[in-house]
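This report covers selected features of one protein model.

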Amino acid sequence: MREEILENLYRITEEEEQLLNGRSSIQKEIYTSEDEFVVDSSKLLEQGKLIAIRPHTRFAYFPEHRHNYIEMMVILKGSITTKIVDGDTLTLTQGDILLMNRHARHEIMPSGREDLALNFIILPEFFTRGSASYDKENILRDFIISSLSDKKRQQDYLIYHTLGIITVENLMENLIWTLINHSNDMNLIILTTMDLLLMNLAALSADTLKDMRSKGQNITICALEYIDHNYRNGTLEEFARQSGYTTAYLSRLLKSYTGYNFKQLLQQRKLQQAAYYLENTTLTTERIIEKIGYENSAYFYRVFEKKYGCSPRAYRKSTF
């Protein structure tokens with residue numbers, strides 16, 4: 001990792017400064033507005049973005065919590081010890097990558113000045129894009145599908161030991177550098193680099209675990225791929241005919257595994273494509289509405305603003 005990147009991430013934050021000056025605990029209000037300690041992506045992630053990074057807060061115990069997003073912790077220097085509630089105590093060292101399920105609860109022991117861990121905040125919507133070709137027989141894809149579900153399923157976490165694996169180290173460095181220096185104007189590069197990084201992690205686990213995916217996970221993956229390729233005119237009825245299952249069964253299955261019904265997943269994909277067109281083309285908003293398959297422009301404007309917090313025009317302006 002380049003020294004200038006490490007120097008940037010090693011900087012003492014305002015919260016860490018207060019801890020060094022005598023504060024006894026982390027500032028919970030930075031992370032959540034709820035009584036239950038659920039680290040909230042809206043507190044840490046700029047609206048309209050799917051990925052962000054934040055150095056782990058040193059010098060203090062981080063109490064039991066979970067996240068409403070998928071967290072990827074990367075150990076860049078030193079070590080970090082975390083205890084999964086009702087599970088393992090993990091000591092992570094340089095090069096380790098820890099993926100945490102949204103349902104997993106854990107606590108983190110205090111770390112020192114030379115310990116550098118970077119937290120990636122990854123919204124579930126990143127994975128429902130369906131654009132990355134993760135190995136369909138791979139534990140990482142299983143883990144992602146499990147993490148999208150509203151119900152706790154299978155393992156709480158995955159660990160990858162990547163120290164010295166050049167492809168992963170290069171992609172990680174590129175991703176971190178881009179998020180630090182160009183998070184607003186290189187969004188597509190950020191998403192693509194994360195896809196490539198996860199594809200490399202999937203390849204690392206291909207030889208360690210055989211196919212553990214259930215029938216329901218297989219169908220869910222097929223549904224996400226169908227939506228990705230047919231977001232403009234796709235329907236649940238058509239997918240039901242293709243897959244050989246009833247619409248009622250598929251609706252229950254998708255809700256169980258992703259937390260969303262087919263219509264909601266389709267809408268998410270349409271809006272993600274609209275955001276891509278706004279960022280990367282000069283198409284008018286009306287033309288974009290037509291290309292993504294909406295007939296009611298008033299409805300599009302309403303759901304777009306609800307998702308991204310601004311109008312399509314303002315969204316486009318903010319990316320330039």
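## Helix H11

In this predicted model, helix H11 spans residues 262-280 and has 19 residues; from its first C-alpha to its last it reaches 27 Å, close to the 27 Å expected at 1.5 Å a residue. Of the 19 residues of H11, 14 are buried, so the helix is largely enclosed by the rest of the structure. The N-terminal end of H11 is capped by Asn261, a side-chain oxygen of which lies 3.2 Å from the backbone nitrogen of Lys263.

## The sheet

Five strands form an open sheet in the order E2-E9-E4-E7-E10, and their pairing is antiparallel. Its edge strands, each pairing on one side only, are E2 (51-55) and E10 (157-161). On average, neighbouring strands of this sheet are turned by 20 degrees against each other, direction ignored.

| Strand pair | Bridges | Direction |
|---|---|---|
| E2 and E9 | 5 bridges | antiparallel |
| E4 (residues 70-77) and E9 (residues 116-122) | 7 bridges | antiparallel |

Individual positions can be followed across these pairs. Phe120 in E9 has Ile53 opposite, and Met72 also stands opposite Phe120. Lys77 stands opposite Leu116 in E9.

E9 is mostly covered, with 7 of its 7 residues buried. Leu116, Leu118, Phe120 and Ile122 point one way from E9, while Ala117, Asn119 and Ile121 point the other way; all are buried.

Helix H5 (residues 139-148) lies across E4, E7 (96-100) and E10, and runs at about 145 degrees to E10.

## Arg58

A polar atom of the Arg58 side chain lies 3.0 Å from the backbone oxygen of Tyr10. Leaving aside neighbours within four places in sequence, the residues in contact with Arg58 are Tyr10, Arg11, Ile12, Glu16, Leu19, Ser111, Gly112, Arg113 and Asp115.

## Confidence

The protein chain averages a pLDDT of 87, and 91% of the residues score at least 70. Over residues 207-213 pLDDT stays under 50, and for this stretch the model has 12 contacts beyond four places in sequence. Where pLDDT is low, the predicted coordinates should not be read in detail.

Notes. Residues numbered from 1 in each chain as written. Predicted model: local features only at pLDDT ≥ 70, side-chain atom pairs only at ≥ 80, totals over all residues. Heavy atoms only, no water. Pairing = 2+ DSSP bridges. Helix = DSSP H or I, 4+ residues; strand = E, 2+ residues; numbered from the N terminus. Axes fitted to C-alpha atoms, helices over the stretch in contact; angles between N-to-C directions. Contact = heavy atoms within 4.5 Å. pLDDT = per-residue confidence, 0-100. Polar contact = N/O pair within 3.5 Å; in protein donor to acceptor, adjacent residues only side chain to side chain. Expected span 1.5 Å × (residues − 1). Buried < 20%, exposed > 50% of the residue type's maximum accessible area, 1.4 Å probe, protein only.
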